[in-house]
Amino acid sequence: MLDNNQLLRFTTAGSVDDGKSTLIGRLLYDSKSIFEDQLEAIENTSKKKGHEGVDLALFTDGLRDEREQGITIDVAYRYFTTPKRKFIIADTPGHIQYTRNMVTGASTANAAIILVDARHGVIEQTRRHSFIASLLQIPHVIVCVNKMDLVDFSEEAYNKVINQFEEFSSKMLVRDVRFIPISALLGDNVVNRSENMDWYQGAPLLHTLETMHISSDINKVDARFPVQTVLRPQNDTHRDYRGYAGRVASGILRVGDEVTVMPSGFTSVIKSIDTLDKSLNEAYAPMSVSITLEDDIDISRGDMIVRSNNKPEALQDIEVMLCWLHNDSAKPRAKYSIRHTSNEQKAMIKEVVYKINIETLDRNTENKDLRMNDIAKVKIRTTKPLMIDSYRDNKTTGSIILIDDATNETVAAGMIKY
Amino acid sequence: MSKYYLNYLDELESEAIFILREVWAQFDNPVILFSGGKDSILVTHLAKKAFYPAKIPFPLMHVDTGHNFPETIQFRDDIIKDLGVELIVGSVQESIDEGRVAEERGKNATRNALQITTLLDAIESNKIDCAIGGGRRDEEKARAKERFFSHRDDFGQWDPKNQRPELWNIFNGRHFEGEHFRAFPISNWTEMDVWNYIKRENIAIPSLYFAHEREVVWRQDSWIPNSEFLVLEDHEEIVTKKIRFRTLGDITITGGIESDADTLEKIAEEVSGMRQTERGNRSDDKRSESAMEDRKRQGYF
């Protein structure tokens with residue numbers, strides 16, 4: 001692999017019948033990422049189950065319960081590499097009762113693959129998956145019109161799906177949508193160009209994933225550096241060293257930049273940006289570095305170093321699009337711990353503004369109970385201000401989770417100022 | 001304008017450093033589980049980077065089965081001296097002597113499963129609230145579902161169906177007294193990524209990974225090294241082969257492959273052409289289709 005090869009994370013959501021597992025199996029198999037002993041194990045299972053040939057879908061079955069039930073329950077991560085890129089697949093179940101798993105898989109994705117069965121066109125599930133991709137602001141969406149072999153590789157059938165998709169997706173906020181006609185089962189337009197669809201001029205799926213431009217998806221404007229921990233070596237070579245360790249959330253920080261520490265508001269100038277290998281003149285997202293300042297200011301975990309001429313808002317009342325993740329429903333006006341970057345405060349859900357019916361995408365202002373897999377616009381009040389950006393501008397400083405103090409469980413995840 | 005994006009290895013490195021710092025910030029008493037294998041060496045190297053210019057602020061812990069490659073123990077002791085950090089050893093032999101566990105019997109008996117008790121005992125007696133491991137999601141199908149921050153109940157058990165969701169880069173390490181976490185900073189690395197990074201950073205690894213002459217016996221489709229613990233079957237024969245190991249575990253169960261790769265460049269090249277998974281040579285994983293999941297549920301690494 002070349003030195004400048006990037007990492008691309010994409011998510012797939014799907015249920016048993018739409019060919020998701022077959023597609024992933026196909027990508028891994030055709031890119032030679034499945035090893036012989038894994039293939040052997042799948043061959044044996046395929047035989048035991050009486051399948052003809054090798055069932056590539058079996059490759060993605062993980063836990064014993066999932067193998068027994070033949071479904072994906074949780075998010076599973078898969079890896080493959082081509083000479084152009086390294087890929088991480090967040091493979092999630094597609095049914096409505098696993099919305100929370102889809103949201104989890106989508107949270108770190110650069111791209112989403114949405115599978116549509118060419119025979120059935122856009123169905124409720126397609127709308128739901130697209131809505132989640134849009135909700136989590138995945139920058140690139142690839143709609144794979146699958147099972148083209150079952151519609152005689154017909155261009156007409158493909159165009160019909162495109163039209164249906166564009167009709168409903170015009171309301172959504174996805175910047176980049178592409179369509180590819182494929183047959184995951186036979187391999188058409190997955191890794192290799194299809195010989196059955198001359199009418200399709202675009203690239204196969206893998207080539208699309210390999211060449212898609214992703215470096216401009218990172219926010220390079222707003223310099224944000226949440227402090228994770230303070231490094232004080234107190235050894236002979238670094239007696240007075242006081243470094244703020246963290247990962248650049250967005251933007252670019254340079255030595256000599258005038259910075260403000262939030263929430264205290266103290267200002268200083270960046271003295272050095274250090275790593276074990278060398279000291280740097282600048283750091284950008286998502287680099288992990290240690291920053292020292294010219295002035296001795298009290299800074300600790302939860303604080304954020306930002307450029308003085310571009311600060312996030314410090315707010316205690318925030319509007320959040322929340323996805324409820326836990327079996328225990330939200331308790332009215334109950335207090336939770338809220339995590340935002342490295343900062344933790346207490347918070348209360350003051351109001352559920354509306355719930356979204358994720359089958360129809362309608363807003364529901366009547367039923368405001370928050371149960372597992374619900375997505376709702378809520379108003380949250382925190383005990384101290386959070387230094388926030390809107391999720392649309394900045395995923396790291398625009399996202400939160402809620403933790404139930406009684407159980408320590410993560411019960412909800414949210415996107416700010418949605 | 002210069003490029004403002006990281007390549008894949010730099011991004012994986014940065015992610016691992018972020019996780020290691022989160023562990024340090026969220027837990028009182030973490031350790032790195034150190035086996036002397038390449039993955040735990042990599043995690044240790046990344047921890048060095050995460051806390052530079054301070055030294056690694058927590059100990060390394062080795063679960064010693066007593067069935068070691070001598071090279072591994074030497075390597076472990078050297079690295080401890082170099083880093084100036086504390087070493088905690090949990091001894092499987094002691095667990096056996098104290099009657100906490102019993103040796104397996106039979107031809108393919110190993111101390112692999114016995115490690116679980118020793119590991120959990122060491123975690124409890126040292127009041128460890130987070131054990132950082134070198135597990136990777138690409139290793140095995142049960143590991144594909146593992147979280148970066150993975151909760152263990154007060155019996156040390158993993159409940160794969162009831163894991164905390166992890167979104168974006170927000171990690172929840174909150175736990176009650178007696179519970180602990182396992183943290184996996186290199187979850188997203190593949191075997192190939194590990195080798196490419198070791199090569200790039202020129203990280204020292206035990207000589208066992210490089211091709212060398214060794215007395216071995218052919219068993220369960222791989223070359224098992226001769227050692228004081230090896231019991232030969234009638235039909236088996238000790239031969240000398242040029243081999244190397246892709247993973248390091250107990251000397252009794254770690255199979256080598258025939259190889260001429262005696263430099264990091266050659267190893268990386270060899271691994272990229274491999275058609276078998278690295279754990280394919282580990283007889284501990286061959287026992288059943290869910291061998292790893294079952295051990296993990298009980299508290300295995």
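This is a predicted model: local features need pLDDT of at least 70, side-chain atom pairs count only at pLDDT 80 or more; totals for chains, interfaces and linings use all residues.
Local features need pLDDT of at least 70 and side-chain atom pairs pLDDT 80 or more, while totals for chains, interfaces and linings use all residues. Residues are numbered from 1 along each chain as written, chains are lettered from A in the order written, and side-chain values use heavy atoms, without hydrogens and water.

The contact (heavy atoms within 4.5 Å) takes 81 residues from chain A and 64 from chain B. About 6700 Å² is buried between the two chains, 53% of it from carbon and sulfur atoms. Buried area is the accessible area (1.4 Å probe) lost on putting two parts together, summed over both. In chain B, B:Tyr4, B:Trp168 and B:Arg174 lose the most area to chain A, together 14% of what that side buries.

Eight salt bridges are counted between chain B and chain A. The term requires a side-chain nitrogen of Lys or Arg within 4 Å of a carboxyl oxygen of Asp or Glu. One joins A:Glu409 and B:Arg164 at 3.9 Å, N to O.

The structure holds four cavities of 30 Å³ or more. On a 1 Å grid over the protein atoms alone, a cavity is a set of points where a 1.4 Å probe fits but cannot get out; lining residues have an atom within 4 Å of a point. Grid points are joined across faces, edges and corners, and volume is the space filled by probe spheres set on them. The second largest cavity has about 100 Å³ of space. Its lining comprises 13 residues, with A:Thr11, A:Ala13, A:Ala112, A:His129 and A:Ile132 nearest the centre.

How values were computed: On a 1 Å grid over the protein atoms alone, a cavity is a set of points where a 1.4 Å probe fits but cannot get out, and a pocket is an open set with protein on both sides within 12 Å along at least five of seven lines; lining residues have an atom within 4 Å of a point.
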